[in-house]
Amino acid sequence: MTDVAAKDSLTVTDNRTGQQYDIAITDNTIAAKDLGQIRLNDDEPGLATYDPGFVNTASCRSSVTYIDGDKGILEYRGYPIEQLAEKSSFLEVAYLLVNGELPTKEQYDAWVHEITYHTFVHENVKTFMQGFRYDAHPMGMLMASVGALSTFYPDARNISDADNRHMQIVRMIAKMPTLGAWSFRHAQGKPYVYPDNDLGYTANFLSMLFKMSESKFEADERLVKALDVLFILHADHEQNCSTNAVRSVGSSQVDPYSAVAAGVGALYGPLHGGANEAVLRMLKRIGSKENIPAFIDGVKDGNERLMGFGHRVYKNYDPRAKIIKKSAEDVFEVTGTNPLLDIALELEKIALEDEYFVKRKLYPNVDFYSGLIYEAFQFPPEMFTVLFAIGRTPGWLAQWAELVQDKDQKIARPKQIYTGDRELTFTAASERWT
Ligand code: CMC
């Protein structure tokens with residue numbers, strides 16, 4: 001047995017050997033490496049944990065985003081999401097996430113200037129994007145083109161230099177809307193639109209998406225604001241699948257373009273970025289309010305899920321869902337109501353009063369209304385995750401910058417429990433196939 005059991009410790013008895021161990025508890029966690037001292041004998045490897053999907057394993061210390069799922073709290077650098085969505089802008093939130101504190105007026109102006117100045121991409125980026133198949137999924141195009149930026153900025157591999165990191169962070173936040181908009185235009189067979197640097201970040205994005213022959217594209221301010229809020233709501237969500245991918249790839253000390261491309265890849269998957277598309281499909285399938293009770297019965301019988309409801313972390317409500325509902329109202333004021341909204345509102349009302357959903361703490365999540373908003377903007381469903389990726393970029397980069405400066409971090413390299421054969425004798429193909 002190790003020395004005195006301090007109060008902040010865990011005393012474990014290994015019943016295989018009868019031996020006791022005291023393991024320090026810090027921040028309500030134990031260090032997995034401390035379990036390594038628990039072993040049957042010197043020849044055996046030490047005890048490890050088995051945790052597919054990191055369901056109960058902290059992979060880092062982070063000061064970027066705080067979530068309390070039971071209380072429905074989401075804060076970026078300590079600021080509640082509700083306040084940021086109401087009073088801030090996406091670029092200010094991006095500054096906050098990346099730099100850890102709110103900007104002064106001079107810092108903000110310089111930040112906006114830098115980002116605006118870097119919205120253009122090398123002409124060769126345009127050329128290779130044009131080489132994609134006519135029906136290429138915009139998320140695949142985005143992933144490939146973000147990764148390809150590393151070849152345009154080879155100095156980006158110098159990740160230990162703070163100025164260099166800053167440069168790449170600015171570039172990536174600036175260029176994501178350009179790459180995202182061009183991926184959209186490509187699938188539509190429309191010419192790519194260059195950035196208009198007279199416009200703000202989100203207004204410029206809308207211009208690159210929708211401008212045709214007019215000399216200047218002027219989006220309705222209410223739509224610009226709604227999309228800006230959506231970007232804010234998606235800007236970070238602590239150690240989710242794509243952020244974990246960015247950190248995992250970044251832990252090899254590769255350049256940030258390659259790490260963020262991995263994040264885009266993770267977000268591409270339907271379990272992560274694709275739920276709002278599923279909500280839209282579900283609402284279309286329900287078709288009218290009269291069909292809701294039968295649909296709910298099907299959900300309760302376990303035949304299907306009410307998409308846009310429930311969350312791994314938020315068990316009382318998803319704070320982003322409330323804000324999004326308000327944005328949806330603002331957007332529909334401009335675009336006219338989406339008939340699916342009535343179905344969504346009725347569905348939400350019925351579900352929130354139903355014992356099945358109440359008992360399981362199932363509430364609308366961020367995706368319940370976001371798909372409806374995106375559809376009102378006339379985005380095809382394949383674009384939904386691209387919008388998510390643009391919003392999430394400052395979060396990925398803030399987490400990446402934190403990772404590369406964190407002395408505790410090591411190259412990501414989980415253990416495994418080997419379940420295959422051992423020590424077989426190999427027979428050459430020439431002998432096996434005779
Ligand atoms: N509809 C009906 N029943 C549900 C739902 C739902 N949407 N979500 C969970 N349940 C039930 C589930 O059947 C289980 O019931 P029981 O205890 O009788 O077996 C119970 O609630 C607990 O479910 P779980 O699957 O253990 O919960 P989880 O934390 O593993 O899953 C979730 C979380 C988000 C994957 C799940 O709620 C779900 O599939 N929701 C629908 C898809 C969706 O909207 N996803 C977007 C998530 S938000 C995006 C983001 O933050 O990035």
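**View 1. The largest nonpolar core of the predicted model comprises 112 residues.** Within this core, the residues with the most contacts are Tyr76, Trp111, Ile173 and Leu347. Helix H17, spanning residues 384-404, gives the most to the core, contributing 12 residues. In soluble globular proteins, nonpolar side chains tend to be buried together.

**View 2. Surroundings of Ile173, one of the core residues with the most contacts.** Trp111 is itself listed among the core residues with the most contacts.

**View 3. Helix H16, residues 367-376, is mostly covered.** Of the 10 residues in H16, nine are buried. The buried positions are Asp367, Phe368, Tyr369, Ser370, Gly371, Leu372, Ile373, Tyr374 and Ala376. These buried residues pack against helices H8 (221-234), H11 (275-286), H13 (319-335) and H14 (339-353), as well as against H17. After H16 comes Gln378, which has a positive phi near 70°.

**View 4. A nonpolar surface patch is formed by Leu10, Ile25 and Ile30.** The area of this patch is about 190 Å². Leu10 belongs to strand E1, which covers residues 9-14. Leu10 counts as partly exposed because its relative accessibility is 34%, a value judged against the limits of under 20% for buried and over 50% for exposed.

Note on methods: Residues are numbered from 1 along each chain as its sequence is written. This is a predicted model: local features need pLDDT of at least 70, side-chain atom pairs count only at pLDDT 80 or more; totals for chains, interfaces and linings use all residues. Side-chain values use heavy atoms; hydrogens and water are left out. A nonpolar core is a set of buried Ala, Val, Leu, Ile, Met, Phe, Trp, Tyr and Cys residues joined through side-chain atoms within 4.5 Å. Buried means under 20% relative accessible area, exposed over 50%, partly exposed in between (1.4 Å probe, protein chains only). Helices (H or I, at least four residues) and strands (E, at least two) are DSSP runs, numbered from the N terminus. Contact means heavy atoms within 4.5 Å. Patches are made of residues with over 30% relative accessible area and no salt bridge: like charges are joined within 9 Å, nonpolar side chains (Val, Leu, Ile, Met, Phe, Trp, Tyr) within 5 Å. Accessible areas come from the Shrake-Rupley method with a 1.4 Å probe; for residues, only the protein chains shown count as cover. A salt bridge is a side-chain nitrogen of Lys or Arg within 4 Å of a carboxyl oxygen of Asp or Glu.
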